[in-house]
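Hello,

Here is the structure I promised to pass on to you. Have a look at it first, and then read on for what turned up.

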Amino acid sequence: MIKIAGIILISLLLIIILKQTKREFALILTIGCAVVLFVTVADDFFSIAQRIFNLSAGIDNLDTYVSLMLRILGISLISQFIIDLCRDTGENALASQTEIASKIIILIMTLPLFETVVNIITGLLK
């Protein structure tokens with residue numbers, strides 16, 4: 001966390017200085033800092049995902065649901081990253097469209113899970 005905080009503080013100071021003289025460079029630095037932070041945290045995300053897969057390996061059918069959960073989490077994180085970048089650059093309409101698209105993708109991904117739950121409930125009611 002100290003490494004991340006250091007990157008953010010140094011970038012923030014440089015961005016504040018650059019916004020007064022060269023706004024376009026400040027924007028490039030903002031995007032670059034966001035990408036560096038995303039890549040730094042992505043390594044941690046992959047190690048967490050691997051540990052979750054290892055925990056679920058012994059239970060039947062759980063790996064499918066864990067995989068779905070991790071894919072949805074990944075889509076959520078990536079889309080939030082893109083949405084924040086769009087808003088930082090002043091593209092609010094594009095940010096909103098990205099947000100809607102990510103929600104639709106997540107809904108499509110969860111439909112098989114919803115079908116499974118409905119089948120279990122109807123099976124119990126018979």
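This is a predicted model: local features need pLDDT of at least 70, side-chain atom pairs count only at pLDDT 80 or more; totals for chains, interfaces and linings use all residues.

Helix α4 gives the largest share of the nonpolar patch, with 4 residues. Two helices, α3 (62–88) and α4 (92–125), each contribute at least two residues to the patch. Tyr65 has a relative accessible area of 36%, so it is classed as partly exposed.

Next, the cysteines. How many disulfides does the structure hold? The count is 0. For Cys33, the closest cysteine sulfur belongs to Cys86 and is 17 Å away, which is too far for a bond, because a disulfide needs the two sulfur atoms within 2.5 Å. Cys86 is likewise in no disulfide, its nearest cysteine sulfur being that of Cys33. Are these cysteines buried or exposed? Cys33 is buried, at 11% relative accessibility, and Cys86 is buried too, at 9%; the cut-off for buried is under 20%.

Finally, a look at Arg23, which belongs to helix α2 (residues 23–56). Its relative accessibility is 57%, so Arg23 counts as exposed.

Enjoy exploring, and write back with any questions.

Best wishes

Note on methods. Residues are numbered from 1 along each chain as its sequence is written. Side-chain values use heavy atoms; hydrogens and water are left out. Buried means under 20% relative accessible area, exposed over 50%, partly exposed in between (1.4 Å probe, protein chains only).
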